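Please open the model in the viewer and keep the selection tool at hand. Each stop below says what to select and what is found there.

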Amino acid sequence: MSGGSGAAVDAAVVAALAGDVALTALVPDGVFLDVAPAAKPSKTRFVIVQYQTHEDEEGFQSPLYEVFRYRVTARVLASSGVDVNAAADRIQHVLYVDPLAGLAGYTHMATLRLERIKTTEVDAIDNDIRWQVAGGDYEISVSPH
Amino acid sequence: MARIHGKKGDVLLDPTGGATGVSLASCDGWELNLEKDRVDVTCFQDENKQSVLGLPSYSGSMSGAWDSATTPEQLFAVIFGDVPAMITLIPNTLEETFLFKGLGNLDGALSVSAKGAVTWSSKFDAAGPWTMEPAILP
């Protein structure tokens with residue numbers, strides 16, 4: 001058992017979210033690692049996946065399993081939280097309910113939500129703009145093979 | 001020789017009790033207990049309590065993560081059987097000639113939590129003579 005760098009888990013999280021039709025209907029501008037790409041017209045409805053921590057649970061010779069933690073948030077430029085909350089519901093369904101598929105080098109074990117996130121952010125440039133942010137911190141355990 | 005880390009430890013099991021041990025998959029720890037019985041031989045007029053030593057117990061435990069591909073066949077089949085397994089405990093596979101081995105009676109336990117991995121543990125005691133290799137002069 002060797003697993004890998006863990007990039008396969010990053011990619012699988014993004015792919016799972018991007019592949020959910022209901023989620024992409026709510027946040028059609030895409031799912032991105034760390035930051036949304038700068039583009040015109042500006043993106044106003046998207047999901048950000050931020051890698052936070054990783055831990056190898058060591059066994060003899062190789063890790064028994066690995067634990068990845070991600071902050072996953074939908075971000076919607078709106079004054080109301082209705083759409084972003086609906087997107088957060090889909091994020092929860094995709095990551096928590098469904099097994100994570102397409103993990104090269106790993107098998108999905110379980111996903112736990114450690115914390116719910118819901119906040120409103122004031123845009124750093126235009127103080128009249130409000131960003132609705134909702135999602136959660138997710139802990140994903142995978143078994144390397 | 002140097003002080004070593006436990007990451008390269010290993011447990012070999014031969015369920016038939018023979019000499020063909022196979023590395024126990026998904027194992028993350030073992031302990032070996034060489035505790036000896038103390039027999040009280042204190043007598044009249046002794047000025048302190050005295051004891052004599054019995055034999056080392058050669059009992060211990062192992063632990064790891066449940067893997068349905070290997071754990072049932074490698075470990076639980078031995079636990080459910082009544083044939084003592086040959087257990088080889090290796091502190092470091094980079095120095096694999098340093099080991100403890102002998103026949104053992106195995107039992108086991110499984111732990112399942114909604115907040116973590118499914119894990120197993122197993123205890124053993126000696127079912128025959130045990131040795132440490134390479135042998136040292138007492």
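Select Pro134(B) to begin: this residue lies in the segment after strand 9 of chain B, where strands (E, at least two residues) and helices (H or I, at least four) are DSSP runs numbered from the N terminus. The peptide bond leading from Glu133(B) into Pro134(B) is cis, with omega near -10 degrees. For background, most peptide bonds are trans, and most residues other than glycine have a negative phi.

The model is predicted: local features need pLDDT of at least 70, side-chain atom pairs count only at pLDDT 80 or more, and totals for chains, interfaces and linings use all residues. Residues are numbered from 1 along each chain as its sequence is written, while chains are lettered from A and ligands numbered from 1 in the order in which they are written. Chain B has a mean pLDDT (the predictor's confidence in each residue, from 0 to 100) of 95, and 99% of its residues reach 70 or more.

**Strands 7 to 9 of chain B**

Now select strand 9 (119–133) with strand 8 (99–111) of chain B. Twelve bridges join these two strands, which run antiparallel; two strands pair if DSSP finds at least two bridges between them. Within this pairing, Phe100(B) has Met132(B) in strand 9 as its bridge partner. Met86(B) stands opposite Leu103(B) in strand 8.

**Helix 1 of chain B**

Which residues of helix 1 (residues 71–80) of chain B are buried? They are Thr71(B), Gln74(B), Leu75(B) and Val78(B). A residue is buried if 20 or more other C-beta atoms, placed from the backbone, lie within 10 Å of its own, exposed if 12 or fewer, and partly exposed in between. The face turned away carries the exposed residues Glu73(B), Ala77(B) and Phe80(B).

**Two loop residues**

Select Tyr58(B), in the loop between strand 5 (51–56) and strand 6 (59–65) of chain B. Its phi is near 50 degrees, a positive value in a residue other than glycine, and Tyr58(B) is buried, with 24 other C-beta atoms within 10 Å. Next select Gln61(A), in the loop between strand 2 and strand 3 of chain A. Gln61(A) also has a positive phi, near 75 degrees, but counts as partly exposed, with 15 C-beta neighbours inside 10 Å.

**The sheet of chain A**

Display the open sheet of five strands in chain A, whose order is 1-2-3-5-4 with mixed pairing. Strand 1 (31–33) and strand 4 (106–122) stand at the edges, each with a single partner strand, so one side of each is left without a neighbour in the sheet. Strand 1 and strand 2 run parallel, joined by three bridges. Phe32(A) has Ile48(A) in strand 2 as its bridge partner.

**Where the chains meet**

Finally, select both chains: nine residues of chain A are in contact (C-beta atoms, placed from the backbone, within 7 Å) with ten residues of chain B. Strand 2 (45–58) and strand 3 (63–77) of chain A each supply at least two residues of the side that touches chain B.

Definitions and conventions:
Two residues are in contact if their C-beta atoms, placed from the backbone, lie within 7 Å.
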